[in-house]
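Me: I am new to this structure and would like to learn how its features are read. Could we go through them one at a time?

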Amino acid sequence: MKRENDLEIEDEPRLRLPDAAAHRRLSSFLAPRLRRTDVQRNLFFDASARPLVAATAALRVRLYGLDDHAPSRAVLALKRRPRIDAGVSRVEEVEEPLDPALALACVDDPASLGGVDSPIIRLVAEEYGVGGDAAPFVCLGGFRNTRAVYQLEEGESRGLVVELDETRFDFGTNYELECETAEPEQAKQVLERLLTVAGVPYESPYC
């Protein structure tokens with residue numbers, strides 16, 4: 001990442017897998033390199049008039065763990081101005097840890113998120129006018145995600161850490177392979193070679 005306007009610029013090559021069969025095939029191929037698996041619940045917040053959505057920004061609370069009532073950790077993030085160019089996702093992002101109990105309280109009472117002592121919440125209030133009495137937070141819903149994290153071998157891929165996502169929306173399930181890196185174009189080539197060797201079809205994701 002590099003910093004721009006007080007937010008980090010996150011560059012990620014991302015490649016979309018067509019279906020569950022491709023996901024299973026790649027999971028099996030990468031199994032010896034598995035480092036951990038994260039189960040995530042992602043929820044998004046805005047005011048009722050959707051000023052964040054209108055500005056192509058997203059305020060997200062991510063909860064980790066299998067138990068919705070007792071997450072192991074939580075992260076608050078603001079993402080904005082996303083775009084995808086030739087399979088490389090570029091987005092401005094800032095994130096910070098959030099106490100899991102406080103995160104659950106905000107899920108139950110979204111308006112209370114405006115009272116959280118957080119640089120991100122202050123930024124959202126200052127730049128988008130969201131979080132005060134005039135425009136309290138509401139929850140827009142979200143999705144669940146299972147992320148398998150792999151460490152590739154140094155010789156073949158510069159030791160990249162890659163993430164294989166299974167993301168479950170109300171309308172269906174998406175599968176993606178991604179990698180956060182300072183050299184996104186080179187890393188994208190590594191991912192493409194990996195998928196080719198594994199015999200897994202892929203395509204660039206939609207923005």
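**Reading the structure step by step**

Reply: Let us begin with the inside of the model, which is a predicted one, and which holds one cavity of 30 Å³ or more.

Me: What volume does the largest cavity have, and which residues line the largest cavity?

Reply: The largest cavity has a volume of about 40 Å³, and its lining is made up of Arg41, Leu63, Gly65, Asp67, Asp68 and Pro71.

Me: How should I read the burial of a helix, and which residues of H3 are buried?

Reply: A residue counts as buried when its relative accessible area is under 20%, and as exposed when that area is over 50%. In H3, the buried residues are Ala103, Leu104, Cys106 and Val107. Because these residues cover an arc of only 160° around the axis, they are on the same side of H3. Ala101 and Asp108, by contrast, are exposed on the other side of H3.

Me: What covers the buried residues of H3?

Reply: The cover includes E3, strand E4 (57-64), strand E5 (73-85) and strand E6 (88-98). At the start of H3 there is a further detail to look for, since a side-chain oxygen of Asp99 comes to within 3.1 Å of the backbone nitrogen of Ala101.

Me: Which residues are buried in helix H4?

Reply: In helix H4, which spans residues 119-128, the buried residues are Ile120, Ile121, Leu123, Val124 and Tyr128. They lie on the same side of H4, because the arc they cover around the axis is only 160°. Just after H4, Gly129 takes a positive phi of about 70°.

Me: Where is Ser118 placed, and is Ser118 buried or exposed?

Reply: Ser118 belongs to the loop between helix H3 (100-108) and H4, and because its relative accessibility is 0%, Ser118 counts as buried. At the start of H4, a side-chain oxygen of Ser118 reaches to within 3.1 Å of the backbone nitrogen of Ile120. Leaving aside residues up to four places away in sequence, Ser118 touches Leu76 and Glu96.

Me: Which strand holds Ala148, and what does Ala148 touch?

Reply: Ala148 lies in strand E7, where it counts as buried because its relative accessible area is 11%. When residues up to four places away in sequence are not counted, Ala148 touches Leu34, Arg36, Thr37, Val162, Glu163 and Leu164. The C-alpha atoms of Ala148 and Phe44 are separated by 22 Å, and these two residues are 104 residues apart along the chain.

Me: In which strand is Gln151 found, and how accessible is Gln151?

Reply: Gln151 is found in strand E7, which spans residues 138-151, and Gln151 counts as partly exposed because its relative accessibility is 27%. Apart from residues up to four places away in sequence, Gln151 touches Arg33, Arg35, Gly159, Leu160 and Val161. Between the C-alpha atoms of Gln151 and Thr167, which are 16 residues apart along the chain, the separation is 21 Å.

Me: What value does phi take at Thr56?

Reply: Thr56 is not a glycine, and yet its phi is positive, at about 50°. Thr56 lies in the loop between H2 and E4, where Thr56 is partly exposed because its relative accessible area is 47%.

Technical notes
Residues numbered from 1 in each chain as written. Predicted model: local features only at pLDDT ≥ 70, side-chain atom pairs only at ≥ 80, totals over all residues. Heavy atoms only, no water. 1 Å grid on protein atoms, 1.4 Å probe; cavity = no way out; pocket = protein on both sides within 12 Å on 5 of 7 lines; lining within 4 Å. Points joined across faces, edges and corners; volume = space filled by probe spheres on them. Buried < 20%, exposed > 50% of the residue type's maximum accessible area, 1.4 Å probe, protein only. Helix = DSSP H or I, 4+ residues; strand = E, 2+ residues; numbered from the N terminus. Arc of directions from axis to C-beta. Polar contact = N/O pair within 3.5 Å; in protein donor to acceptor, adjacent residues only side chain to side chain. Contact = heavy atoms within 4.5 Å.
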